[in-house]
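Hello,

Here is the structure I said I would pass on. My notes on it follow below.

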Amino acid sequence: MKLNTLLSIFTPKDVKFFPLLRETASILVQSSDLLYELFSCTDVSRRDELCKLIKAEELKGDKVTGYILKAMNETFVTPFDREDINALADEMDDVIDGINRAAQKVLLYSPENMPECTLHLSEIIRKGASEIQSAVIELPNIKKNDKHFRQHYREIKHLEEEADVLYEVGIMNLFKEEKNTIELIKLKEIIQELEKAANKINNTGKVFKTIFVKYA
């Protein structure tokens with residue numbers, strides 16, 4: 001038997017990664033809730049406050065991602081392949097970054113009105129964040145919860161497909177209805193950032209699928 005195989009059997013696998021991944025998922029959910037509130041809000045001052053709160057969550061996410069990378073450097077045996085832990089941490093962090101970029105565009109551009117599709121896209125992002133959190137919670141017991149775990153990344157894929165449709169319809173409606181060129185440019189960029197965030201959620205779902213194939 002190879003030395004690496006022996007070591008993986010007799011060396012306890014460090015489980016510090018699970019709390020850290022759960023913390024990142026929690027930050028993601030909080031960010032998505034704030035994003036949904038942002039696109040539900042009509043009070044401009046409250047919008048500015050929400051954008052700043054989202055930025056604060058993004059900074060928290062960066063810190064936790066840094067802790068995960070540090071833990072990988074200090075841990076000999078990990079509960080999953082290092083590349084999978086790294087990919088999951090990076091993709092969740094990318095979603096948080098995407099949410100922040102959408103919020104900062106709102107803060108920067110101060111659009112007069114928000115198209116209906118922005119609220120729907122933010123709702124999809126919120127739902128996707130919830131699916132990610134549920135999947136992360138089930139990671140330590142993936143073999144026992146394989147059916148539920150599989151449902152999460154399948155639902156994430158479904159949400160991404162729904163977001164694609166909303167994006168296309170939203171952009172078409174924007175060009176039909178918005179007569180102010182400056183407002184059109186602002187809103188187009190905001191809608192694009194929301195769609196990118198939804199795509200990042202789907203990328204996280206792909207990482208979950210890879211982990212499922214390897215370990216379930």
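Helix α4 (residues 82-109) packs against α7 at an angle of about 170°, and the two axes are 9 Å apart. Axes here are lines fitted to C-alpha atoms, for helices over the stretch in contact, and angles run from 0 to 180 degrees between N-to-C directions. The angle makes α4 roughly antiparallel to α7, a label used for angles over 145 degrees. The contact of α4 with α7 is made up of 16 nonpolar, four polar and eleven charged residues. Nonpolar means Ala, Val, Leu, Ile, Met, Phe, Trp, Tyr, Cys and Pro, charged means Asp, Glu, Lys and Arg, and the others, Gly among them, are polar.

This is a predicted model: local features need pLDDT of at least 70, side-chain atom pairs count only at pLDDT 80 or more, and totals for chains, interfaces and linings use all residues. Residues are numbered from 1 along each chain as its sequence is written, and side-chain values use heavy atoms, with hydrogens and water left out.

Helix α7 (residues 181-215) has 35 residues and should span 51 Å at 1.5 Å a residue; its end C-alpha atoms are 52 Å apart, which agrees. At the start of α7, a side-chain oxygen of N180 comes to within 3.0 Å of the backbone nitrogen of I182.

How many disulfides are there? The count is zero, where a disulfide is a pair of cysteine sulfur atoms within 2.5 Å. C41 is in no disulfide, and the nearest cysteine sulfur, that of C51, is 9.5 Å away.

Regards

Methods:
Helices (H or I, at least four residues) and strands (E, at least two) are DSSP runs, numbered from the N terminus. The expected span of a helix is 1.5 Å times one less than its number of residues. A polar contact is a pair of N or O atoms within 3.5 Å; within protein, one must be able to donate a hydrogen and the other to accept it, and residues adjacent in sequence count only if both atoms are side-chain atoms. Angles under 35 degrees count as roughly parallel, over 145 as roughly antiparallel, 65 to 115 as roughly perpendicular and the rest as oblique.
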